[in-house]
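Visitor: Hi, I'm new to this one. Can you show it to me and walk me through it?

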Amino acid sequence: MIERPRGTRDFLPDEMEKRRAIEVRFREIAESYGYREIATPTFEHLELFTIKSGESIVEEIYAFKDKSGRDLALRPELTAPAMRLFINECSVMPRPLRFYYFGNCFRYERPQKGRYREFWQFGVELIGSERVEADAEVIILAYRMLKSLNINFDLQIGHVGILRSILENVDEEKSSKIMRLIDKKDYDGLASYMDEAKIPEDVQENVFQVSALHGGREVLNEAEGFTGRENLQYLNGLCDILDSTEIEYTINLGIARGLDYYTGMVFEIYAEGLGAQKQICGGGRYRLAHLFGGEDVPSTGFAIGFDRVSEICKISAERRKLVVIVNFPDTLKESLEIAEKLRSAGLRVVSDVMGRNVRRQLSHASDIGADYAIIVGKKEINEGAVGVKDLHTGIQKSVAINELTEYLT
Ligand code: HAM
């Protein structure tokens, strides 16, 4: 028996229906904010992902050489591809640009509940604005999308500029490692790494103090003295907008984000019921375009971990009624005609392809959870009618063929 590769999943119809139902809601909401869908290739030049994060990221992604020796990678996320697309195809389009995407991503991670090697992201990128209104818009959008699923979650907003300003005199490699340890909340690892990297005592102390700042917007006052006024003013401006909506959030200045490209506001959304992998959305303000040969365009965006929200969300897809057409050998032609007519009327209709007798067709109809069985018998057909059995009540009636659609819908 050949099994699927580690960290990947199969989806059966029930689950796919639910995923599609979630996807439809997300698309509708993103589109209602003026976002339009883009799609990019599943694999890209490896460089697209190493250019900002360095070669060490290669350990975490599916990188390979093709038959001509090109270095390629399966996309670990969609922000860098979206920015590449923007520079390649859209740099002259009117700004800001509002894009959304839904696609599979690949990371070479240690699989566990909620963490896969192939997973799906639904995300948006708002390209071309550096204003706080843009950040507010993407946060509100993420919030609305998740609220539409009736799940409970916790939105936390931070600003990487604050930790970065503390690490201003630390070289980039070290500060990036420090940010990653903060992101992982590995504070023991952080303490020993900062000692090892000879980070000055006062800087270490400040890193710990700022990472611990978490609460209502008043914690911004406590951050004064650790960073320039600008970052705090920015977050205050963002809070002003968010406070004029019903959106609930907390400020968490310890949010460092795992990816290196963030430059300002960052946010993460967590949900219960997922165990350790409870982050269902992450995003923030970043600059990437200039690294890919374009101008330095300010952008902001987020991605929702689709597999994680699907795991906790209880919505069920609206299914059309399922009808089984039961035929006799001498009514095959009529039963196929009736089936087509009902399909056109919006019902889901299946008919026998196994050569089963009537009794077994009926029991199969119950086995697959059909709502109705339509029994197409020669005598009744000649009278312009069929037998309709309601499989929930077991009651059977004779219904005129020209009233059948109305009867079933
Ligand atoms: P990220 O935080 O790396 O950000 O991923 C976004 C979301 O994808 C996470 O919050 C999580 O729910 C989900 N996710 C990540 N890794 C896995 C995994 N191995 N299995 C299942 N779900 C996973 C980004 O990727 C950024 N590109 C987001 C962004 C867009 N920032 C600006 N624009």
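Predicted model: local features only at pLDDT ≥ 70, side-chain atom pairs only at ≥ 80, totals over all residues.

Visitor: How many residues surround the ligand?

Guide: 27 residues do. Among the closest are Glu-77 and Gln-279.

Visitor: What lies 2.6 Å from a nitrogen atom of the ligand?

Guide: A polar side-chain atom of Glu-109 does. A polar side-chain atom of Tyr-262 also lies 2.6 Å from a ligand nitrogen. The protein buries 96% of the 660 Å² that the ligand exposes when taken alone (Shrake-Rupley method, 1.4 Å probe).

Visitor: Which element gives the largest share of the shell?

Guide: E11, with seven residues. Strands are DSSP runs of at least two residues, numbered from the N terminus.

Visitor: New topic. Is strand E15 mostly covered or open?

Guide: Covered: five of its five residues, 372–376, are buried (under 20% relative accessible area, 1.4 Å probe, protein chains only). Tyr-372, Ile-374 and Val-376 are on one side, with Ala-373 and Ile-375 on the other.

Visitor: Which strands pair with E15?

Guide: E13 runs parallel to E15, joined by five bridges. E16 pairs with E15 in the antiparallel sense over four bridges. Pairing takes at least two DSSP bridges.

Visitor: And what is the bridge partner of Ile-375 in E16?

Guide: Gly-387.

Notes. Residues numbered from 1 in each chain as written. Heavy atoms only, no water. Near = heavy atom within 4 Å. Polar contact = N/O pair within 3.5 Å; in protein donor to acceptor, adjacent residues only side chain to side chain. Buried < 20%, exposed > 50% of the residue type's maximum accessible area, 1.4 Å probe, protein only.
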